[in-house]
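Please find below my notes on the model, arranged as numbered points. They start with one of the sheets and then move on to the cores, the other sheet and the chain as a whole.

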Amino acid sequence: MTVPERIRIVSRSSPMALAQVERVRAELAALHPGIRTEVVPVTTTGDRWMGDLAEVEGKGAFTKEVDAALLAGEADLAVHCVKDIPADRPLPAGTTFAAFLKRDDIRDALIHPGGLALDELPAGTRIGTSSVRRTAQLAASHPELACVPMRGNANRRLEKLYAGDADALLLAVSGLERIGRTDVITEILSVETMCPPIGAGVLALQCREHDDAVIDVVSALGDPDAHRETTAERMFLHVLQGHCNSPIAGYAQAERNGDLSLRAKVFTPDGKTVLNAHEWAGRLDPATLGTSVAVALLRQGARELIDGIAH
């Protein structure tokens, strides 16, 4: 195997994205101490735009500039949160996933300055979130609470919370762990209370398709369970053709005995309709499991529900 002397890693320039890159650099250094790594920071449309993501290409707004740097040869490796990578269209031609890292916590956290748990929040409490997935689930389970739009990186959202723009906040546990801010967590919500987004807690390493030297090196960082779970989840989302305004949630789970399951939900934005599916694949191909769960939800009317939401 040819080992490259240097690997340039392109990343969004937010503190969270840079923390993710540092994890990759540390894992690479442990495997190949001789390889130099450099960070190529980019600011994406999604980082600049604070309005509705649907107005700027949805989730692709966080990946377009990163993809461009990779394809232009300005970088050799991109680190993405899988949940930010659109699944309704293929990866940009000429690029491939080389690895999915070991999965972090997939749950959401409530941050309430007064220390109240979700079930203790008084009616009218303003929850800061721009996630249609969180908003729909809160509308279903806690209709007395009010969601207020809040975008920006995690640090910026915490600033807005403490400035009084909202009374409480929902953020991903894994994100707070990455930026060293688990101290602010009031309550970690179970996946039954708040079903996670597709790809939650997984970092993907993306390379140019024929860059064999880089692919060989970074693929060794991959985790087999994360690979199977992510493959099932992304195939599920791909078959559903969900977009960034679709309240879709779900997670796959690989058991120690090799079994794989996928639980998924599709909601109306007001939370009044919830479609549910949960299947076990045994040792079935993960992509087949993702397809099967998507078909189960399509039979329940998921297509009409998703297509009925403006995007």
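1. In what order do the three strands of the open sheet with antiparallel pairing stand? The order is E11-E12-E13, where strands (E, at least two residues) and helices (H or I, at least four) are DSSP runs numbered from the N terminus, and where two strands count as paired if DSSP finds at least two bridges between them. E11 and E13 stand at the edges with a single partner strand each, so one side of each has no neighbour in the sheet. Neighbouring strands here are turned by 5° against each other on average, with direction ignored.

2. A word on the basis of these remarks: this is a predicted model, in which local features need pLDDT of at least 70 and side-chain atom pairs count only at pLDDT 80 or more, while totals for chains, interfaces and linings use all residues. Residues are numbered from 1 along each chain as its sequence is written, and side-chain values use heavy atoms, with hydrogens and water left out.

3. A nonpolar core is here a set of buried Ala, Val, Leu, Ile, Met, Phe, Trp, Tyr and Cys residues joined through side-chain atoms within 4.5 Å, and buried means under 20% relative accessible area, with exposed over 50% and partly exposed in between (1.4 Å probe, protein chains only).

4. Leu-240 deserves a separate look. Leaving aside residues up to four places away in sequence, Leu-240 touches Ile-248, Val-266, Ala-294, Leu-298, Ala-302, Arg-303 and Ile-306, a contact being heavy atoms within 4.5 Å.

5. The other sheet to inspect is an open one of five strands, in the order E7-E6-E8-E5-E9 and with mixed pairing. Strand E7 (146-148) and strand E9 (187-188) stand at its edges, and because each has a single partner strand, one side of each is left without a neighbour in the sheet. Strand E5 (residues 108-111) pairs with E9 in the antiparallel sense over two bridges, and Leu-110 has Glu-187 in E9 as its bridge partner.

6. Two helices lie across strands of the five-stranded sheet. Helix H4 (residues 132-141) lies across E5, strand E6 (126-128), E7 and strand E8 (168-172), at about 125° to E8, whereas helix H5 (residues 154-162) lies across E5 and E8, at about 170° to E8.

7. What surrounds Ala-168, not counting residues up to four places away in sequence? Ala-168, which lies in strand E8, touches Leu-110, Ile-111, His-112, Thr-125, Arg-126, Ile-127, Gly-128 and Leu-161. Ala-168 is buried, with a relative accessible area of 0%. Ser-174, placed in helix H6 (residues 173-178), is also buried, with a relative accessible area of 5%, and touches Asp-104, Asp-105 and Gly-201, with residues up to four places away in sequence again not counted.

8. For the chain as a whole, ten helices and 13 strands are present. The radius of gyration, taken over C-alpha atoms, is 19 Å, close to the 19 Å that the globule rule (2.2 Å times the number of residues to the power 0.38) gives for 311 residues, so the chain is as compact as a globular protein of that length. Buried residues make up 52% of the 311 residues, and among contacts between residues at least 6 apart in sequence, 70% join residues at least 24 apart.

Methods. Axes fitted to C-alpha atoms, helices over the stretch in contact; angles between N-to-C directions.
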